[in-house]
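Subject: Handing over the two-chain model

Hi,

Here is the structure I promised to pass on. Have a look at it first, and then read my notes below.

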Amino acid sequence: MNAIQDYAVIGDCRSAALVARDGSIDWLCWPRFDSPSIFGRILDDRAGFWSLAPTTPFTVTRSYLENTNVLQTRVQTASGSVVLTDLMPVASEEQKRTLFLPDHEILRIVECERGEVEVQMRLEPRPGYARQQIRIRDTGALGIRVDMPHGLLALRTDMSVDGVADDGVRARMTLRSGQACYASLTFADDWPAVLPPLGAWSREAVRRSVAWWRDWAAHITYDGPARDAVVRSALVLKLLAYAPSGAVVAAPTTSLPERLGGDLNWDYRFCWLRDASLTVRALFGLGCVEEADAFISWLLHTTRLTRPELRILYDVHGNTPDDEETLAHFGGFRGSRPVRIGNAAAEQLQLDVYGEVIDAATHSVRTGATLDRETQRMLCGFGEYVCRHWNQPDEGIWEPRSGKGHNTHSRVLCWTALDRLLQLHEKGHLGHVPVRQFEETRERIRNEVQLRAWNVTRDSYVARLDGDGLDASLLLLAWYGFEDARSDRMRKTYARVQEHLGAGNGLLYRYRRTDSPGEGAFGICSFWGAEYLALGGGSIDEAEAAFARLCRYANDVGLFAEELDPQTGAALGNFPQAFTHVGLINAALSLARRRQGDRPVERAVPPRPPESRHPEARA
Amino acid sequence: MNWTSSLLWGFVSTIVLTTLMAGSQGMRLTRMNLPYMLGTIFTANRDRANVIGFGVHVMMGWLFSLFYIAAFHAWDRATWWLGASIGLVHAAFVLTAGMRLLPGMHPRMASEQQGPTVMRQLEPPGFLALNYGYQTPISVVVAHLAFGAILGAFYTLPAR
């Protein structure tokens, strides 16, 4: 079984697939990121795959085509070498209007560069998390049909098919230098399928997709350290942004373990409000205004449905995910069970999400957006909710299943919520706001955090009020402007976090707790450490060195999982993880701004232009 | 012939047929989408194809309702079961001859013999339109039974 870091991701901003170094696609959900899997071998050997590889032993090097999510795997055998190109074709809206294109497709092209190589393809789809019956038929010129209860998979290939059985398809072909073969897998669940021809049409699909990704990447304005890593992270975010709604899923996978052999296996194919502010800052910071606006639009639409109470996670269309369920027939990644689908954390209380949503909206205003009257009312309603509930215990940012507590991070985000609302009001972006109530509550929260979250014995802020545990999320106190990064308290907190949560080489655990022993170092927390230095907690050189060390933990194609094994550097947890890539981007942005002499994180809110000011805002 | 009644109930029965077919599609019983299939004769743009196809489908529904009404006049009576019987024959024709003829007439539909080409990529329906799901024939028959039954039940033959 492949390791997590042996995978690369391909996608089309609606769904994604994981391609292993050995040429096997071991994870695919169609038509959406959170649809049931069609290939799930990454979680169980019997859960389906689509492999394409030489029949003799081989070695592999791979990379994405520059500034794209088109994967190229160069395969060397004793008799020759081939290049495997994997992609989910994408096209512009104009091209979709004029061309007849499948809704969902994976295209694989093998080209022989040198010598002679025999390649074999095996397709074994197991839809519905390997719980559904399928019927496979060879229909001649139309290709091979896999009829599923809720749709059709159509395989077209110019390889010679040497076996169509009840459980799968086998094909093979010997390629000589200059020759190529093609395989296209399409999915249709709604309309009659579109069956693309092969050959020149396939090459045109690759050219179209490359141009589309490069055209998008050309909008990235970032010009700072580790530009390649930042652009790769941006491409991951774009791939994980569900185009029809603008939502960004946390990861395209479920139940890749945070601890090998353990039970820390969760479904991340949803959108967490927790990630909102950090994601929006990353997108705006890179110049991806369209994506940031789409995400905020999704965020505000989604949160309207449940306001003033917010759930902590939603699906790509803003609905509550299905109830959590375990797939008892799945063995799990290297025996890590249970495999879960759905996420019971949806029912938890996380008070930090209010600050995240309001801060995301504030980022939007900083870039010139104005808030309509309905959104103003909604944000103000969130503020009033915070005033009523800020002193309640909640599950907190890490969603432990061990119960609620008075979490420092949640308190600080409640402070952030009110602080941003007051700023927005002061600059004319919010109309009627109970200013005195917000100011008083903000002050009470600040006092309580400074008093009860500061542990004199530890000489540090601590994870919970009156507690003594440490948590990497404390590094965000400077990011949100609750504390100055240069303050004595923040410097001491950073030192304690490094001392107690440091995993070596710049890596940080998110916490050390008895209910989660053995999990890896947390990707985004490690980047928070580097960013804290960039915010003023250290010198530029220190910050750049810490950032560069962390970037080296990416896999061979620049992807990060949620966590890392500090001893081996192996990826742990769902993959690739948007949150980790957001951490990388934000750290890079702060570094670049600091290097240019700017304030690392922009906090000022510009005044609302007079012509768009609402009457009540002037009152 | 009662033109007002024929136009009204021809339209209503077509809308019911379209709704039943769209409902079957929404419930994942079939991938058959007649407006889309008709619309793609004229354009590759899916959104536009749906709109054009819907218009063409309504016009065809009206046109076909005239044949039903002609039969009612020939028999000098109109009942729901007579209408449903014609609907059954209509559905059988659509599923057999109609679906078999479609790839030859549709400029964007692939042929079962030659496979897809740059111009022709739409999946053909196959015998009884089974390529669009094994429950497709049931959906088509039910929709046409409803089409005929509504016409038979509500069309008013002119008084002699």
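Where the two chains meet, 27 residues of chain A and 28 residues of chain B take part in the contact (contact means heavy atoms within 4.5 Å). Before you go further: this is a predicted model, where local features need pLDDT of at least 70 and side-chain atom pairs count only at pLDDT 80 or more, while totals for chains, interfaces and linings use all residues. Residues are numbered from 1 along each chain as its sequence is written, chains are lettered from A and ligands numbered from 1 in the order in which they are written, and side-chain values use heavy atoms, with hydrogens and water left out.

Together, chain A and chain B bury about 2400 Å², with 56% of it on carbon and sulfur atoms. (Buried area is the accessible area, with a 1.4 Å probe, that two parts lose on being put together, summed over both.) On the chain A side, 33% of that area comes from A:F100, A:W191 and A:P192, more than from any other three residues.

There are four salt bridges between chain A and chain B (a side-chain nitrogen of Lys or Arg within 4 Å of a carboxyl oxygen of Asp or Glu). One salt bridge pairs B:R28 with A:D190, at 3.7 Å from N to O. There is also a network: A:R137, A:R145, A:D147, B:R31 and B:E123 are joined by salt bridges that share partners.

Over all chains the structure has 48 salt bridges.

- A:R274 and A:D275 have their closest N and O atoms 3.0 Å apart. Both are buried, A:R274 at 6% relative accessibility and A:D275 at 7% (buried is under 20% relative accessible area, exposed over 50%, partly exposed in between, using a 1.4 Å probe and protein chains only).
- A:E347 and A:R311 come to 3.4 Å between the closest N and O atoms. Each lies in a loop, and the pair ties together parts that are 36 residues apart in sequence. A:E347 is exposed at 57%, and A:R311 is partly exposed at 27%.
- A:R510 and A:E563 meet at 3.8 Å, N to O. A:R510 sits in a loop and A:E563 in strand β25 (residues 563-564), so this pair links parts 53 residues apart in sequence (strands are DSSP runs of E, at least two residues, and helices runs of H or I, at least four, numbered from the N terminus). A:R510 is buried at 5%, and A:E563 is buried at 0%.

Cheers
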